[in-house]
Amino acid sequence: MSTEQRKSPENALWLCLSCSKVIDASPAAFTVDGLLAWKKNAEMLAARDSKVTADHVGTLLVEIEAARMDLIRFCSYWQAADPSNEWPSEFTFNEMTERILKHSTLRRAAYHEEIAPRVSRMISVAQTILGPDSDEVASLAHIFTYAETNYLSMLNCAKALQRVADVLAMR
């Protein structure tokens with residue numbers, strides 16, 4: 001590589017003085033392919049970050065808090081009305097089982113109508129802002145896949161939303 005090629009902007013990798021000395025002193029540890037991958041990744045992150053404003057983040061933080069509180073209220077409402085709280089009751093085992101299953105079916109339908117679309121959208125927006133490799137967003141997305149199944153999972157989803165909000169707030 002010529003001196004002109006080495007000094008060209010296409011070859012630039014912006015580093016602090018300490019890091020540049022470490023890399024220059026250890027060419028075997030820092031291959032050209034590895035450094036080019038770092039540069040490409042840094043450029044992609046910079047391009048992504050330049051598209052996101054503080055208003056985007058602030059709006060998402062407000063939406064996350066509203067959804068988190070709605071999820072907690074949803075969970076409390078459906079848990080309080082759960083027929084399994086009435087055990088033992090005057091109903092036979094089969095009648096009680098039928099009531100519990102009906103309640104669960106109605107709760108899951110309400111969850112898919114009221115909660116799921118909002119959380120799904122927030123996962124998508126948070127992935128755009130924080131990147132697809134965000135551990136907090138990945139954790140939320142994982143919990144979201146089964147949050148409808150029970151009250152504890154819904155509350156875990158609310159906690160995961162809070163963790164995503166905490167990371168966004170530090171951005």
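## Aromatic pairs

The structure, which is a predicted model, holds three aromatic pairs. In one of them, the rings of F74 and W78 have centres 6.0 Å apart and planes at 40 degrees, so this pair is tilted; the tilted class lies between stacked, under 30 degrees, and edge-to-face, over 60. F74 and W78 both belong to helix α4, where they are four residues apart and thus separated by about one helical turn. An α-helix has 3.6 residues a turn, so residues three or four places apart point the same way.

Both residues of this pair are buried: F74 has a relative accessible area of 4%, and W78 has one of 13%. Ring pairs also join F74 and W78 with Y77 and Y111 in a cluster.

## The nonpolar core

The largest nonpolar core has 32 residues, and those touching the most other members are I64, L71, Y111, V119, L140, V164 and L168. Helices α4, α5, α6, α7 and α8 each contribute at least two residues to this core. The greatest contribution comes from α8, with nine residues. In soluble globular proteins, nonpolar side chains tend to be buried together.

I64 illustrates how such contacts are arranged. Leaving aside residues up to four places away in sequence, I64 touches M122, L161, V164, A165 and L168.

## Helix α8

Helix α8 covers residues 151-169, and its 19 residues should span 27 Å at 1.5 Å a residue; the end C-alpha atoms are 27 Å apart, which agrees.

## An exposed loop residue

Where does A28 lie? A28 is found in the loop between α2 (17-25) and α3 (32-50). With a relative accessibility of 74%, A28 counts as exposed, because the cut-off for that class is over 50%.

A28 and I143 are 115 residues apart along the chain, and a distance of 42 Å separates their C-alpha atoms.

How values were computed. Residues numbered from 1 in each chain as written. Predicted model: local features only at pLDDT ≥ 70, side-chain atom pairs only at ≥ 80, totals over all residues. Heavy atoms only, no water. Expected span 1.5 Å × (residues − 1). Buried < 20%, exposed > 50% of the residue type's maximum accessible area, 1.4 Å probe, protein only. Core = buried A, V, L, I, M, F, W, Y, C linked by side-chain atoms within 4.5 Å. Contact = heavy atoms within 4.5 Å. Phe/Tyr/Trp six-rings, centres within 6.5 Å; stacked < 30°, edge-to-face > 60°.
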